[in-house]
Amino acid sequence: MGLAGVLVGLCLLIALAYRGWSVLLLAPLAAVIAAAFAGEPLLAHWTETFMGSAARFLAQFFPIFLLGALFGKLMDDSGSVTAIADGMTRKLGPQRAILAVVIAGAIVTYGGVSLFVAFFVIAPMAEALFRAADIPRRLMPAAIALGTMTFTMSALPGTPSIQNAIPMPFFGTTPFAAPGLGVVGSIVMLVFGLVWLARAEAAARRRKEGFGPGIMADPSAAAADDIVRERATVAREFDPAEINHGRHADQGPPIAVAVAPLVVVVLVNLVMSLGVLPRLDVSFLAEPRWGSTSLSAVAGVWSVVVALAAAIVTVVALNLRRLSELRATMDAGANASVLPACSVASLVGFGAVVAALPAFELVRDWVLSIQGGPLISLAASTNILAALTGSASGGMTIALDALGGTYMRLAGELGIDPALLHRVAVIGSGTLDSLPHNGAVVTLLAVCGTTHREGYFHIVMVGIVGAVLGLVAVIALGSVFGSF
């Protein structure tokens with residue numbers, strides 16, 4: 001009965017979340033249902049297991065949600081993201097429209113700009129380029145997804161995404177874990193995606209299929225859609241409803257000024273991870289007043305937090321005159337972090353209740369028995385949970401909360417570098433999370449003015465198939481050569 005309760009709770013969570021119900025309501029309800037089927041104490045699981053796990057997630061990662069959303073909103077309202085997109089448009093032009101969209105998305109998301117901010121800025125740029133090049137509108141979502149949702153989220157070393165931050169406390173790693181393997185995985189995803197989109201464009205031209213009819217998509221309409229918002233806030237770290245708040249600059253900065261804060265994120269993250277933090281005396285962290293923790297458990301989060309804070313100071317200093325309503329912009333950025341953080345924390349709480357049930361031992365034993373060793377089973381567990389929850393961050397946290405200690409023990413016994421576990425977990429979480437119910441997918445299609453029927457297949461190819469190929473390459477090379 002315990003396993004049946006887990007399935008009933010999970011099905012209810014997936015079905016109602018897809019219909020736009022808030023995860024803040026659904027996750028505790030699903031957890032209580034699972035506990036009830038198992039004959040476990042309901043209130044104890046809600047107030048202690050569920051809320052305890054959700055609170056720990058917020059304590060660890062809310063600073064990244066907060067600063068990431070704030071940085072993204074400042075970059076948007078200062079006109080910096082638009083300036084970068086316009087720069088790519090001028091540099092590459094309609095003749096290389098797909099490449100321009102992919103590179104623009106990759107630059108801003110690897111530099112720390114929230115995925116949804118990138119969607120709402122790059123979609124109009126993509127529409128103008130695709131219309132000028134007469135490339136079918138249905139390829140727009142896949143081109144944007146390739147640049148924003150794949151290698152810059154999970155594989156490229158040093159990415160400040162929340163997905164890349166989550167394994168750090170579990171494995172004692174940094175944002176630059178397994179950099180060589182991350183670069184290899186990124187190349188596989190990028191090359192496969194570009195080749196696929198080029199073939200799709202060529203096939204469309206042979207059929208004389210052009211951009212198609214339709215008026216310019218209105219991204220602000222998608223931002224105001226309540227159902228899109230509820231789906232989106234589970235998938236990524238920015239509440240789309242805050243996109244239209246604040247005041248956008250009338251004129252963006254020069255391209256060099258626009259890119260500068262992104263460079264600051266990468267450089268400060270690198271210096272903090274590999275230079276500053278390892279040299280600090282933080283023995284005081286072992287004291288009970290600091291949670292009896294260690295540098296390895298907090299260094300990764302600290303690196304990303306300092307990098308984002310430095311970038312926020314940079315973007316404000318360089319664009320103070322352009323940010324005419326700075327308080328409103330910063331309020332909107334801060335508010336944009338709250339619902340996504342609490343939504344993902346609720347998913348994590350649901351996962352904690354499931355992991356505490358006696359029936360979960362069957363699931364754990366099945367996952368660990370998957371042939372191929374801990375790398376394969378880790379990839380499978382993060383894939384499956386990300387697919388079921390529609391959230392890379394939520395699915396990965398549930399998997400690592402339940403099995404992270406076991407994987408670290410196996411890694412020690414088998415001589416596997418924890419950095420390799422980190423990279424496999426992050427890439428694995430970013431594959432099947434792009435199923436049709438994923439909030440980022442729903443939002444992207446809405447922003448581009450396309451339907452699942454028109455645009456989703458190509459998202460599958462660049463966002464799932466390409467990511468799986470990158471994951472296979474990382475596991476194969478890591479199994480032979482170890483982490484590098």
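Phe-57 counts as buried, with a relative accessibility of 3%, and Phe-61 is buried too, at 0%. Here, buried means under 20% relative accessible area, exposed means over 50%, and partly exposed covers what lies in between, using a 1.4 Å probe and protein chains only. The model is a predicted one, so to speak of local features takes a pLDDT of at least 70, and side-chain atom pairs count only at pLDDT 80 or more, while totals for chains, interfaces and linings use all residues. Residues are numbered from 1 along each chain as its sequence is written, and side-chain values use heavy atoms, with hydrogens and water left out.

Now for the rings. The structure holds five aromatic pairs; rings of Phe, Tyr and Trp (the six-membered ring for Trp) pair if their centres lie within 6.5 Å, and planes under 30 degrees apart count as stacked, over 60 as edge-to-face and the rest as tilted. One of these pairs is Phe-57 with Phe-61, which is tilted, at 5.2 Å centre to centre and 50° between the planes. Both sit in helix H3 (residues 42-77), and because they are four residues apart there, about one helical turn separates them. Helices (H or I, at least four residues) and strands (E, at least two) are DSSP runs numbered from the N terminus.

Another pair, Phe-284 and Trp-290, is edge-to-face, with 5.8 Å between centres and 75° between planes. Phe-284 is partly exposed at 32% relative accessible area, and Trp-290 is partly exposed at 40%.

On the surface, Leu-3, Leu-7, Leu-362 and Val-363 make up a nonpolar patch, with about 340 Å² of accessible area together. Patches are made of residues with over 30% relative accessible area and no salt bridge, with like charges joined within 9 Å and nonpolar side chains (Val, Leu, Ile, Met, Phe, Trp, Tyr) within 5 Å. A salt bridge is a side-chain nitrogen of Lys or Arg within 4 Å of a carboxyl oxygen of Asp or Glu, and accessible areas come from the Shrake-Rupley method with a 1.4 Å probe, where for residues only the protein chains shown count as cover. Val-363 lies in helix H17 and is partly exposed, at 31% relative accessibility.

Helix H7 (residues 140-148) is mostly covered, with nine of its nine residues buried. Among them are Met-140, Pro-141, Ile-144 and Thr-148. The cover includes helix H5 (97-110), helix H11 (179-206) and helix H22 (452-481).

Methods:
Contact means heavy atoms within 4.5 Å.
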